[in-house]
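Reader: I am new to this structure and would like to learn how to read its features. Please take them one at a time.

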Amino acid sequence: MLLTIASAFFFTEIKSGAFTKLFSGLVQKLWVKWELEGMVVLSLLLQFVLLLVGYCRRKQGKCSHYVSIFAWFSYVAADWVTTVALSALLKAKVKELTNELVVFWTPFLLLHLGGPSTISAYALTDNELWLRYFLGLVIQVGVAIYAYVKFGTNNTLRYSAIPIFIAGIIKYGERIWILRDASYKQFSSSAFLSTGSNTLDTIQTSVLTCNYHPQTFDEFLREKNVIEEGKSFHKAYYLYKMYIPLFSELRLRIYRNLRDKFMLSHTISAEDAFKIVQIELGFLYEKLYTKSTVLQSVKGVILQSICLLSTFAAMITFSITVGNYDYPWEDICISYLLLGGAIFVDIYLAIAHALSDWTMCHLSIPSNSVHRLVGCSIASWLVHCKAKKKGITSMAQHSLIDYCFKVKTSWWSSILSVLDIEDFWGKFCYTSWVKVNPNLKNFIHSHLQEKFKRYQNIKDEAPREKIDKNYGEFDYELLTTMLKERGDHVLQGKGIVFKDEFKWSINDVEFSHSILLWHIATFLLFYDDHRRYSSSVLGLYCQISKLLSDYMMYLLLARPLMLPKGIGQVRIRDTQEEMIRFFGHVKSLNNNDVASALLHRQNEFPSSLIHSKSILRDGCKLASMLKALVEELLWDPEEKWEMIANVWMEMLVFAASKCRWKHHETHLRHGGELLTHVALLMAHLGLTENIRIVQQLSGEGQPLRWDWEQHPQMSYYLA
C-alpha cells in the first residue's frame, strides 16, 4: 500500500511535464478536463471487475489461472488508480477544477479503497501487511478530507457527502480489520481461549458440572432441531473451527477420549466426505481472502447497515439539491453512477451472504416455530441452489510426453523463449482439466479408509509393552511409516520381490524422480494397452491410473512447492530435450505410435545422454519391466492397472502428508487442488502427522467431557 501511494504521488508529479512534451495542446486540454472524471469512472469500473473476479477465482477449471492473473492486475490497479485520483486532487488548484461535483466524488474514492466483499486479499502476504494498510488509511483519509475542505465551498453539497465519508472510512477500516483477522498470528490464535470472563477455569467448571451424557454430533444436531438439509453444513463448520490450528501449521495433541469428536465417521460415503471437505475449505477461503466474514457478527451487520443507509441518504440528499445548481450533465451522470454503484455493492454483499454456507448454518437451527417454518423453506431452497456442490469438481492434467511434442512443433516457442516466459506458457497453457468423477472419489476414499484400518489392525496386534504410556494406543511411529509409503507396500502386497526389482524406481530415488519414472511408464502402458485391448477389458483402474499420473505430473510441473524438494524441473527439461532429439525427424505422431516407438526402440537412445538428468530411458525400462511382470504372473490387464492405480494413490497420499498447509491455503485462490482435499480428508480420518492422540494424565483432574457449545474454546480440549 505504501508503495502504491508513493508511486501514485510520483506519477502525479511527472505527468504534467510528460504530457507537455508528448502530446499536442488539444490532447492536453482534454486530459485536464477529463482527468479526474476518467480516473473516478475507471476506479468504479475496477470495483466491479474485482467483484466479478473475486467470485470467479475460487472456481476450478481451465480459466482459473487466467482469472488469477486478471485478479492480480485488477487488485493492484484498483488501489493505484484511486490513489492517483486522490493525489491529483491534492495537487490541483482551485481554478483547475471545472465544478464542485469533482470534489463531491472524493469520499467515493475512500469507499473504493475499501474494496468489494468478494476479495480482501489477493495473496496470503496481503494479510500480513495489514499494518501498512492501516498507515495507508490514515494517509488516504487525511488527503481526502484535506482535498474536500480545500475545494468545497457549497455547504449543501458538502453536507450531502458526509454520509459517504462515513461509509468510506467504515469500508476502508473494515478491510484492514479483515486483513488483520486473517493474518497468521490472529488466525492461529482464534482457535484458542482469549482473555476475559471466559477463562479456562470457567469453561472447565461449566463443562464438568453440567448434566449431560457425552453427545455424538448427530445427537447434538437433533437436540438443536437442525433440519436435515443443514446437517452437512454444520458438520463442515464445526470441523473448520476445530481444525484452525491445523490450518495454522500447529501440531495438535488431542485427548484420546475426545478423538471421535475431531474425526469424520468411517461409515461416511465418499460423496458426503468430499462435500463436507469442500464446504470446509470454502469457509477457510472466505476467511483468508474475502470480506464475507464481516456479516457473521452483530457489529458487522450494524456497520454494513450504516454504510448502506449512509449511501441511500447521500443519494436522496444529492437528488434534492443537485437541481438547484448548474452542473454539467455528464458530471451529474457520473455522480449518480457512483451512488448507484455503492448501493449495488452493498446490496450484493447482503445477497451473497444470504446465499452463503454461513447463512445455511444459521437458518437450519430454528429458534421458534416461525423461524423453523421460514428457515426450513429458505434452507431447502438454498440446498436446491447448492445441489451441484458435491465436492471437488475438476482436476488438472499434464502429460509430459504430449507437452514435448507440442513445444517442439510450436512455431512461436522460440519467440517466447527470448522473453523467458516459455516456462509459464508450458505450465499452464498446455494443462488440461477433467472432471473428478465419482469413481475416482470412491477410489480415493476407499484407499484412505483401508489405510486407516490397516493402521488400526497393526497397532492392535502390537505387544502391550511397546505401547507408549503417554500416547496410549496411538502409535506415531507406525503412522509416520505408513504415510511414507510411496508404492512399495502395494508391490509387496502383490507378492513382488520388491527389493530386487522395483526399489530403484521408488525408494532409491527422490520423490520427483519417482513421479517422472512412473508417469512415463503409465503413459506407455496406457496407450500400448489401448492399442491391444478394448476399454471394457482394461477396466476402471486404467482410467484412474492415467488421471492420477497426469495430475501428479501437473503438481510437479506447476505446483512444485506442494511436493517434497527435488530437482524435478531439471529432469523435466533434460527429458524434453532427449524426447525432441529422439523424435527429431518426425513432424507429428499420435500417442499410440509414440508409446510403441519408445517401448520397442528404447535401446536406441544415444549413449552420450546417459549422464544427463533425463529419465526417459529409465521410464521406458520400468514400463517394460511391468509388462514382463504381468506376463510372468499371468495377470489380466485390469489386475495390472489396479496395482498401478494403488501405487499412484500411495504417491498422492505421501505428497498430501508432506505438503505444508500454507501451500494448500495459497492455492485456494486458484480454485483449490485435489491434493488439498485429500490432505484434509486424511486429517479427518486420522491419517496425518500433525495430530497426535494422547492419554489424559492422572494429575489433570476429572476425565474430559465434550461440550459442542464450547468447541471453539480449543485450549480446553487440546492436550
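Reader: Is Val-298 buried or exposed?

Author: This is a predicted model, in which local features need pLDDT of at least 70, side-chain atom pairs count only at pLDDT 80 or more, and totals for chains, interfaces and linings use all residues. Residues are numbered from 1 along each chain as its sequence is written, and side-chain values use heavy atoms, with hydrogens and water left out. Buried means under 20% relative accessible area, exposed over 50%, and partly exposed in between (1.4 Å probe, protein chains only). Val-298 has a relative accessible area of 63%, so Val-298 is exposed. Val-298 lies in helix α16.

Reader: Which helix gives the most to the nonpolar patch?

Author: Helix α16 does, with four residues. The patch on the surface includes Tyr-159, Ile-162 and Val-298, and its members together have about 640 Å² of accessible area.

Reader: How many salt bridges does the structure hold?

Author: Side chains of opposite charge can pair when their charged atoms come close. Here a salt bridge is a side-chain nitrogen of Lys or Arg within 4 Å of a carboxyl oxygen of Asp or Glu. The structure holds 17 of them. In one, Lys-451 and Glu-485 meet at 3.0 Å, N to O. Lys-451 lies in helix α23 and Glu-485 in the loop between α24 and α25, so the pair ties together parts that are 34 residues apart in sequence. Lys-451 and Glu-485 are buried.

Reader: Where do Lys-546 and Asp-550 lie?

Author: Both are in helix α29, four residues apart, about one turn of the helix.

Terms used. Patches are made of residues with over 30% relative accessible area and no salt bridge: like charges are joined within 9 Å, nonpolar side chains (Val, Leu, Ile, Met, Phe, Trp, Tyr) within 5 Å. Accessible areas come from the Shrake-Rupley method with a 1.4 Å probe; for residues, only the protein chains shown count as cover. Helices (H or I, at least four residues) and strands (E, at least two) are DSSP runs, numbered from the N terminus.
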